[in-house]
Every structure is written in C-alpha cells, then in structure tokens.
Amino acid sequence: MPTVHFTDAEGAVRDVEGNPGDSVMETAVRNGVPGIVAECGGSLSCATCHVFVREDTLDQLPEMEEMEDEMLYGTAVDREDNSRLSCQLKLCEGQDMYVSTPETQV
Amino acid sequence: MDTTTTTTAVPAETADGAVRTGLLIIGASQSGVQLAVSLRALGFDEHITLLGEEDHRPYQRPALSKEFLQGTVESESLIFRSNQYWEDHNVALVKGERIERIDKEADGSGVAHAASGAEFRFRRLALTVGARARRLQVPGADLAGVVYLRNADDALALKAQLGGVQDAVVIGGGFIGLEAASSLHKMGKNVTVLEYGPRLIGRAVGEETSEYFLTAHRGRGLDIRLNARIQELVPADGGGRVAGVGLEGGTVVPAQLVLVGIGVVPNTELGEQLGLEVDNGIVVDRHALASDGTTVAVGDVANMPNPLPGSPEGERIRLESVNNAIEHAKVAAYSLMGRREDYAGIPWFWSNQADLKLQIAGLTLGYDQTVVRRDEERGKFSVLYYRGGQIIAADCVNAPLDFMAVKNALAKGQNIPAEAAADPAVVLKTIATDG
Ligand SMILES: Cc1cc2nc3c(=O)[nH]c(=O)nc-3n(C[C@H](O)[C@H](O)[C@H](O)COP(=O)(O)OP(=O)(O)OC[C@H]3O[C@@H](n4cnc5c(N)ncnc54)[C@H](O)[C@@H]3O)c2cc1C
Ligand code: FES
C-alpha cells in the first residue's frame with residue numbers, strides 16, 4: 001500500500017497508509033491528519049487542501065488543470081512553486097508521496 | 001455508506017440498562033461530525049455519543065447529486081472518518097437509531113428515547129438534526145418512480161431505478177434540482193426541469209446569475225420550463241408507476257422518473273418537544289446556544305444571527321451549506337467547553353452543474369447594486385453584490401480567481417469598488433481597498 005508522509009508546519013512527520021486511487025486529501029481527512037481541512041470534500045471548490053510537494057517528487061505528479069492553478073491563488077498561505085491541491089493528487093501502487101502542510105488552510 | 005457493521009466503542013451501561021454518556025449529539029452528519037471532531041481537538045474529555053437514524057457511517061452529502069449519482073466516485077470516498085479514527089478519539093458511533101422524545105432536566109442533562117426503545121442518557125445535548133426534503137403535495141405524488149434526494153438511501157434508490165428510464169422530470173430549479181438534472185442528462189436521459197418561480201435558483205442568487213444558468217443549461221440540452229404549474233403526476237396505464245407530469249392547461253410531460261427538489265424543511269420537532277424557541281429552525285444565539293441556554297443546535301437546523309460581519313443587528317438567517325455546518329459546529333464546540341466565541345465569518349457555497357462550477361462567497365441579503373463580469377471567450381462569469389457601496393457577496397461561475405478575491409476581501413473587511421470591478425479584464429485582487 002502506498003504511504004503518504006505528511007510533514008506539518010512544525011516539522012512533525014506522520015505516515016499514513018492509503019489505498020491506490022484515493023487522493024492524498026482523502027487519506028489525510030479520513031485519518032484525521034490536522035493540516036488539511038478540505039471543506040468541499042475534493043470537488044475543487046475550496047482550496048483548503050493545500051500542500052507543498054517535496055521538490056524531487058514533483059515531476060511524478062500529473063499536470064495541474066487550469067481550475068486547480070487558479071484556485072491555488074486563493075490559498076490561506078501563499079502558493080509556492082511546489083504547491084498543489086491534495087484532492088487532485090491520487091495515490092498509485094508502489095509510489096509513496098511526500099507532502100508538507102501549511103500553517104493554516106483558512 | 002456500505003453495509004459492513006461498524007465497531008463502536010460501547011458506552012458503559014447503568015443498572016437500569018440505559019446508556020450513560022457525557023455529550024449526546026443527535027444527527028451524525030456534517031455538523032454532528034464536525035462538532036465531535038472539534039471537541040476532541042479542543043481537549044473535551046467526556047464521553048461523546050454521535051447518534052443518527054441513518055444506517056450508514058457518516059458521509060458527505062454534496063456528491064449525492066453529482067459525482068455519486070454519475071457513478072464517478074465510490075461510496076467509500078464519501079465517508080467522513082475511518083472507524084479507527086472514532087475509536088481512537090473515544091467517540092461512540094450509533095447508527096440506525098431515531099430519537100423520538102427527550103426528557104431534559106434544568107441543568108441540561110437528561111435521557112433521549114429512541115423509536116427502538118433504546119435510551120441514551122446525557123449530561124449535555126447537541127441537536128444536529130439537519131433538514132429533510134420538502135414533500136410534493138399534488139395528486140399522484142406517492143406513485144412509484146417519484147423520488148427525493150436528501151440522503152444516501154434516496155440516492156441509492158434513485159440509482160437503482162435509472163435502468164429503464166428514458167425521460168426524467170426534475171421538479172424544482174434550485175441547486176439540488178439543477179445538479180441532479182445535469183447529472184441525469186450526462187447519463188443520457190432526456191431531462192425536463194419544471195420550476196414554479198419565474199427564474200432558476202431564485203432563493204439563493206440574483207437575477208443575472210439565474211439568467212446565466214437558464215441560458216447555459218438550455219444550451220447544454222436541458223428542457224427548462226419556468227412558471228410551471230403542476231397539476232398532478234400521471235400514472236402509467238393500470239400501474240402504480242409514474243408516467244408523466246400533468247401541467248395546468250393539460251400538457252403532460254412524459255417521465256418514468258420524477259425527482260423532486262423543492263427545498264427542505266428543518267427538523268425542529270425535537271426542539272419543539274423540548275420547549276425550545278423555534279422559528280424556521282431552532283433559534284440560537286451567536287454561540288449556537290438554543291433558548292434554554294444549554295442545548296446547542298448547529299447547521300441546517302439552526303436559525304442564527306447573520307454571521308456576515310457588518311450585517312444589521314437582529315438580522316437572522318438559516319443556512320444550508322457545508323461551510324456553515326463546519327464553522328457553526330466549531331463555535332458550538334467552544335460553547336460546550338464553556339468558552340463564548342461569536343459565530344462570525346464569510347459564508348461560502350459551491351454547486352457543480354455539468355461543466356459549470358459555481359462558487360458563492362458572502363450573503364446577498366439586502367443587496368442594492370450588482371456588477372456583472374463576463375468573459376465569454378473563457379467561459380467565466382461573475383456577479384458582485386453591493387450593499388451601500390460595500391461588497392457583500394459574489395456568484396462566480398468557472399471564475400475561481402474572482403471568488404477567492406471576494407472571499408478574501410470580505411474576510412479582511414476590505415471593499416472591491418464597483419466601478420473598477422466592472423471591467424472583466426481587471427484582476428479583482430489588485431483593486432481591493434481597506435475600509
Ligand atoms: C444532494 C445534496 C447536495 C448538496 N450539495 C452541496 C454543495 O454542493 N455545497 C454545499 O455547501 N452544501 C451542499 N449540500 C448541503 C449540505 O449537505 C448540508 O448543508 C449539510 O449536510 C448540513 O449538515 P447537517 O449535519 O446540519 O444536517 P444533515 O446533513 O441534514 O444531517 C442531519 C442528520 O440528522 C439525522 N436525524 C434527524 N433527526 C433525527 C432523529 N430524531 N434521531 C436521529 N437522527 C436524526 C438525519 O438522519 C441526518 O443524518 C447538499 C445537500 C444535499 C442533500
Ligand atoms: S478539498 Fe476542496 S479544493 Fe481540494
């Protein structure tokens with residue numbers, strides 16, 4: 001099972017196992033990882049599932065759609081080059097994910 | 001939403017067989033779940049029972065009319081929290097129990113009686129009982145094939161009937177109706193939307209937005225009839241199944257499925273039985289406390305002071321949205337911890353209909369001016385609402401930058417001057433001004 005490694009704004013790491021096909025957001029919320037709010041439940045409407053993806057894993061991710069790109073301009077903590085909305089990141093078999101959560105989502 | 005049994009932490013039983021619990025939350029949906037989660041995050045250390053009448057683990061409703069209906073998400077991904085989470089946080093989930101009567105003492109403690117005969121004792125009570133679909137009152141409304149869409153069982157029943165359906169009629173051109181209509185159309189059905197009023201989504205958006213959706217949906221293939229007067233639902237020959245919707249004047253719109261989305265009614269019965277003040281919902285103060293000063297009422301069932309900063313004193317509202325359920329529950333959690341936080345925030349809402357992503361920031365209550373921003377080429381459309389020159393809300397279709405700009409400006413108490421905003425090429429974020 002793929003594992004998502006969440007690092008919070010203080011640097012604490014939490015590893016959560018997820019199911020292939022689930023999003024990073026779902027994996028976080030279902031297990032109560034606090035740094036992700038995800039008000040809209042993954043329908044790309046809220047931008048409260050913002051994460052920073054570890055730079056060296058960025059190129060393994062699918063390209064952003066325009067909607068995600070625009071939504072990222074409204075996150076509570078300003079976007080960086082490695083910002084993504086975690087509801088758009090799906091887990092794949094054999095691929096661990098490394099993401100950091102921002103200080104706040106709202 | 002699956003049928004596997006949930007292992008719930010079993011609360012201690014007293015000699016008389018009643019279950020003892022610290023906080024009893026009645027209604028295990030968006031607001032009940034958030035209340036339990038927020039309380040544990042704040043360090044609430046008493047027992048929590050999260051009880052609901054539905055036979056499913058708590059799940060998110062919004063997808064029922066969208067992705068779940070279309071079959072693009074699994075039921076499992078609608079579940080709020082894993083069983084492990086509830087166990088780890090010492091929250092006892094009780095499914096399939098409907099509370100019918102509550103005996104409550106002056107100190108806020110009491111016993112809730114379920115239809116099954118089970119009893120649930122509590123020291124404090126939270127009512128997160130939400131709302132139910134308003135029923136259609138015309139002859140034939142009880143025919144087979146007439147469905148509603150409020151909960152998972154509704155959605156499952158609807159999906160199970162879709163097989164033989166060619167023509168579907170959606171009664172009600174509000175959010176749920178238009179979302180479901182778009183989903184059914186995408187699944188290849190002929191869909192007619194019958195709206196009683198003169199425009200779509202009339203309760204929640206202004207005229208310009210209604211007009212935009214009317215044109216957009218018609219262009220995408222929905223047959224939308226405004227000012228529709230329904231006389232009866234017509235049965236198929238000799239059967240108890242619906243075959244069409246009869247309108248005044250004699251027209252019958254064929255339908256093997258009729259989906260009714262004409263709004264909701266707040267579940268105030270328990271509040272009334274408890275003697276709480278009720279007026280289009282259970283009346284609460286800024287701290288989510290009901291009129292007895294101890295019971296909290298949260299989410300779709302609560303009639304609350306308008307939380308939008310700067311709204312007139314005494315103005316009240318009942319909101320039906322995920323954002324409200326979440327934020328209101330957070331305030332209620334503080335109240336149960338003995339801390340008084342005011343419910344104040346920028347309400348927001350979303351609705352996805354076909355390829356139209358609507359995001360609404362703020363509340364349009366009392367607006368006196370609108371500004372329309374239209375970018376035909378890129379399919380973007382926004383309406384900004386003003387009250388006395390100050391921006392109070394925006395409806396944004398496929399325009400997340402506008403939505404985010406207005407939401408953030410409202411949160412910071414800023415304005416977005418109407419004159420400058422009228423140019424669709426202007427980036428709203430850059431013209432937000434303080435005070
Ligand atoms: C199809 C659909 C689509 C939606 N789409 C969106 C959207 O896109 N965006 C958005 O912001 N909002 C949307 N909403 C609205 C949103 O889901 C609601 O605002 C939210 O669910 C309200 O949460 P609540 O917990 O207050 O009430 P509810 O979700 O109504 O939950 C109340 C619960 O209490 C239970 N209950 C009631 N009485 C009793 C009793 N006596 N004993 C035991 N249990 C009881 C009910 O069974 C229910 O499970 C949608 C709603 C629906 C139905
Ligand atoms: S969960 Fe709302 S945008 Fe990702």
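**View 1. The salt bridge between domain 2 and domain 3 of chain B.** In this predicted model, the count of salt bridges between domain 2 of chain B and domain 3 of chain B is one. The side chains of D355(B) and R220(B) meet in a salt bridge, with a distance of 2.5 Å from N to O. For polar contacts, the rule finds four residue pairs across the interface of domain 2 of chain B and domain 3 of chain B, with both residues of a pair at pLDDT 80 or more. On the side of domain 2 of chain B that touches domain 3 of chain B, helix α6 of chain B, which covers residues 207-219, gives the most, with seven residues. Sorted by class, the residues on that side of domain 2 of chain B are six nonpolar, three polar and three charged.

View 2. Chain B is divided into domain 1, made of residues 12-132 together with 265-336, domain 2, made of residues 135-262, and domain 3, made of residues 355-434. The C-alpha centres of domain 2 of chain B and domain 3 of chain B lie 31 Å apart, and the contact between these domains takes twelve residues from domain 2 of chain B and 15 residues from domain 3 of chain B. Between them, domain 2 of chain B and domain 3 of chain B bury about 1,000 Å², and 64% of this area is on carbon and sulfur atoms. Of the area that domain 2 of chain B buries against domain 3 of chain B, 49% is supplied by E208(B), Y212(B) and F213(B), which is more than any other three residues supply.

**View 3. Chain B as a whole.** Chain B holds ten helices and 28 strands. Its radius of gyration is 23 Å, close to the 22 Å that the globule rule gives for 435 residues, so chain B is as compact as a globular protein of that length.

**View 4. Chain A as a whole.** Chain A has two helices and five strands, and from the N terminus on its elements follow the order β-β-α-β-α-β-β. A compact globule with 106 residues would have a radius of gyration near 13 Å, and the 12 Å of chain A agrees with this. The C-alpha trace of chain A spans about 30 × 30 × 25 Å along its principal axes.

**View 5. The interface of chain B and chain A.** At this interface, 26 residues of chain B are in contact with 19 residues of chain A. Chain B and chain A bury about 1,900 Å² between them, with 54% of that area on carbon and sulfur atoms. Across the interface of chain B and chain A the rule finds eleven residue pairs in polar contact, both residues being at pLDDT 80 or more. The elements that give two or more residues to the side of chain B that touches chain A are α8 (322-336), β22 (348-353), β23 (356-362) and α9 (400-411) of chain B. With five residues, α9(B) gives the most to this side of chain B, and by class the side of chain B that touches chain A has eleven nonpolar, seven polar and eight charged residues.

**View 6. A salt bridge that joins the two chains.** Across the interface of chain B and chain A the rule finds four salt bridges, while the structure holds 26 salt bridges over all chains. E66(A) lies in helix α2 of chain A, residues 66-71, and R378(B) lies in the loop between β24 (369-375) and β25 (380-387) of chain B, so the pair joins two chains. The side chains of E66(A) and R378(B) meet in a salt bridge at 2.9 Å, N to O.

How values were computed:
Residues numbered from 1 in each chain as written. Chains lettered and ligands numbered in written order. Predicted model: local features only at pLDDT ≥ 70, side-chain atom pairs only at ≥ 80, totals over all residues. Heavy atoms only, no water. Domains from an automatic or database assignment. Contact = heavy atoms within 4.5 Å. Buried area = accessible area lost by both parts, 1.4 Å probe. Polar contact = N/O pair within 3.5 Å; in protein donor to acceptor, adjacent residues only side chain to side chain. Helix = DSSP H or I, 4+ residues; strand = E, 2+ residues; numbered from the N terminus. Nonpolar A, V, L, I, M, F, W, Y, C, P; charged D, E, K, R; others polar. Rg over C-alpha atoms; globule rule 2.2 N^0.38 Å.
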